[in-house]
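Please open the model in your viewer and keep the selection panel at hand. The stops below take you from one selection to the next.

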Amino acid sequence: MWRWRDATSRSVAVRMSLGFALCLALAHLTVLSQAAIAPAKAVSLDESIKLTWQPQPEDKKAHLIWFNKTSYESWSNSLDNYLEVYRTPSITPGRLENLVKCNHSSHPQAGGVCHVSIDSYSPCVSTNYFGYKKLTPCVFIEIEKVPNWKPKFYTDMSDLPKDIPEKLRNYIDEKTVYSYEWENVWVSCEGETPADQEFIGSVQYIPEPAFPAYFYPYDERPGYLSPVVAVHFLHPKHGVIINVECKLWAPNIEHNRKKGIGLTRFQILID
């Protein structure tokens, strides 16, 4: 009698354990199934904003601009080729017939694309070998095109982030006399480490350390070319690798080194 009850109890216990395990397995499968069909988190346009720079090395994985008084021409020629589309509007389909002059009080109308006056970027021009012959190189930076992205703008000195470089802060303070002069995506280029900041020397931005509002949004209209800023390194130290980081500054742009959002990095070596 006792043996029968023991066997029955064990049988019931086994069935209960199997049933519980089956429930757990079904619950686990349900979670996995829901995870599999859950939509991926949408990436906002603001998380797609990246900077690019020229001239690039032949090895696209490299970030080093390395030259001297006898090896500067390849870098100068590379920039010359990169900027040819700005000098010759007919190269880009739709540019020649849609080209207009723009400023903060004159934005392009429907179909119009803004002129970028590359030949006025002296001394960062072809006839000066973009500074490479004189060992004072120019690096051109631009924001990668993201369709329909609209920058937001700071409107007051108190809006500027605490970590914005002091030189750029001072420039903005002097530049923004009128409200429309705030309508820029600002840019700064600095040495990454204290040593780099010492080695980099003075930096000049041409035409200014900013990408104007009237170039945005990019709506894929024919003939559009991104605005470019020439960063002129006036007195870089020779014989050392200088690590440079350029950052964009706007309320809807974050900086993420790992993902390359809102910034770009390159190196300069003059021997």
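Begin by selecting strand β5 (residues 138–143) together with strand β9 (residues 229–233), which pair in the antiparallel sense over 4 bridges; strands pair if DSSP finds at least two bridges between them, and both helices (H or I, at least four residues) and strands (E, at least two) are DSSP runs numbered from the N terminus. Within this pair, Val 139 stands opposite Val 231 in β9. This is a predicted model, in which local features need pLDDT of at least 70 and side-chain atom pairs count only at pLDDT 80 or more, while totals for chains, interfaces and linings use all residues. Residues are numbered from 1 along each chain as its sequence is written, and side-chain values use heavy atoms, with hydrogens and water left out.

Leaving aside neighbours within four places in sequence, Ser 76 is in contact (heavy atoms within 4.5 Å) with Tyr 129 and Phe 130.

For the last stop, select Glu 192, Glu 245, Lys 247, Arg 257 and Arg 265, which are linked in a network of salt bridges, each being a side-chain nitrogen of Lys or Arg within 4 Å of a carboxyl oxygen of Asp or Glu. The side chains of Arg 265 and Glu 192 meet at 2.8 Å, N to O. Because Arg 265 lies in strand β11 (residues 263–270) and Glu 192 in the loop between β6 and α5 (194–199), this pair ties together parts that are 73 residues apart in sequence. Arg 265 also meets Glu 245 in a salt bridge, at 3.9 Å, N to O. Glu 245 in turn meets Arg 257 at 2.8 Å, N to O. Here Glu 245 counts as buried, at 8% relative accessibility, whereas Arg 257 is partly exposed at 46%.

How values were computed
Buried < 20%, exposed > 50% of the residue type's maximum accessible area, 1.4 Å probe, protein only.
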